[in-house]
Amino acid sequence: MTEWLREIRGVLLDVDGVLYRGNHVIPGAREFLAFLEGRELPFIYLTNNSTLSPEDYAARLRAKGFPAQTEQVVGSAEATAHFLAHKHPSRPRVLIIGEKGLHQVLDKAGFPLTDNGDEAEVVVVGLDRHLTYAKLAEATYAIRRGAPFYGTNPDRTFPTERGFAPGGGAILAALEAATDCPPTIIGKPEPPIFHLALERLGLPPEHVVMIGDRIETDILGAKRVGLRTVLVLTGVTTRAPSPGPNAPDLVVPDLYALKDQIETSIVSN
Ligand SMILES: [Mg+2]
């Protein structure tokens, strides 16, 4: 049933709920990455987090004991910069609602930035924990004038120690309410972020597996681009979904179990 595991040549890993939750590293996560390195299976950390640049995100992963080079991180901010560079090669002026990482990657990609909605030619929105009414207003003026409207990721909430806090998707919802214009989303479950990760691995989708904890983003997004999918029950999903077209190819309680499954499939090869 899991014979397809033998065909896997690369791995995409969601981070929150798969490798750690808050400051807590999930048991089996470090061992699984050591296993991938030992088998020389290339892997990419694939995150909808738009607040950090790939450099800073890799440093955060290393601080938690995970092997991470900058090029092994694909976040929704970088995927957005990559997408815009192809879609808008003339580098129009961008108004950002978002944090430092999003500013850094768009600046690095050569886009001039502005806080003024009258000057903005494109609007890009991610999680911004310093959101103000003025920022929402400037973005609204630009979108209502016809500036293309992009969202790094659709997550309406994210988990904190005190409960769920508003995510980038909640800011997108506010702007959609003010403009009647839905954003184009770049992060999971939409294809652009997966395409960038596959390009980075240099592998066709049928040889790559996505490992995630959230059905509606990790699993559905990966299926949409033809990847194999593994759901781990260490994050937001705590029980296996019923079988069906949207079900993952494999459900495991944790990454220890996935490592065992891969070893078994290779031995029985
Ligand atoms: Mg997750």
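**Note on the helices and backbone of a predicted model**

1. Gly38 lies in helix H1, where helices (H or I, at least four residues) and strands (E, at least two) are DSSP runs numbered from the N terminus. This glycine is exposed, because 8 other C-beta atoms lie within 10 Å; a residue is buried if 20 or more other C-beta atoms lie within 10 Å of its own, exposed if 12 or fewer, and partly exposed in between, with C-beta atoms placed from the backbone. Between the C-alpha atoms of Gly38 and Lys135, which are 97 residues apart along the chain, the separation is 47 Å.

2. A word on the basis of this note: the model is predicted, local features need pLDDT of at least 70 and side-chain atom pairs count only at pLDDT 80 or more, while totals for chains, interfaces and linings use all residues. Residues are numbered from 1 along each chain as its sequence is written.

3. Helix H1 covers residues 29-38, and in it Ala29, Phe32 and Leu33 are buried. They lie on the same side of H1, because they cover an arc of only 95° around the axis, the arc being that of the directions from the helix axis to the C-beta atoms. An α-helix has 3.6 residues a turn, so residues three or four places apart point the same way. The face of H1 turned away from the buried side carries the exposed residues Glu31 and Gly38, and after the helix comes Glu40, with a positive phi near 55°.

4. Helices H3 and H4 (the latter residues 100-108) pack with their axes 9 Å apart and at an angle of about 30°; axes are lines fitted to C-alpha atoms, for helices over the stretch in contact, and angles run from 0 to 180 degrees between N-to-C directions. The two helices are therefore roughly parallel to each other, since angles under 35 degrees count as roughly parallel, over 145 as roughly antiparallel, 65 to 115 as roughly perpendicular and the rest as oblique. Ala77, Glu78 and Ala81 of H3 meet Gly101, Leu102, Val105 and Leu106 of H4, where contact requires C-beta atoms, placed from the backbone, within 7 Å. The residues of this contact divide into five nonpolar, one polar and one charged; Ala, Val, Leu, Ile, Met, Phe, Trp, Tyr, Cys and Pro count as nonpolar, Asp, Glu, Lys and Arg as charged, and the others, Gly among them, as polar.

5. Helix H8 (residues 215-224) has as its buried residues Thr217, Asp218, Ile219, Gly221, Ala222 and Lys223. These buried residues pack against H7, strand S13 (208-212) and strand S14 (228-232), and H8 is followed by Gly226, whose phi is positive, near 90°.

6. Some backbone details deserve a careful look, since most residues other than glycine have a negative phi, and most peptide bonds are trans. Arg91, in the loop between helix H3 (76-87) and strand S6 (94-97), has a positive phi near 55°, and this arginine is partly exposed, with 15 other C-beta atoms within 10 Å. Asp180, in the loop between helix H6 (168-179) and S12, has a positive phi near 60° and counts as exposed, with 8 C-beta neighbours inside 10 Å. The peptide bond from Lys188 to Pro189 is cis, with omega near 10°, and Pro189 is found in the loop between strand S12 (184-185) and helix H7 (191-201).

Notes: Contact = placed C-beta atoms within 7 Å.
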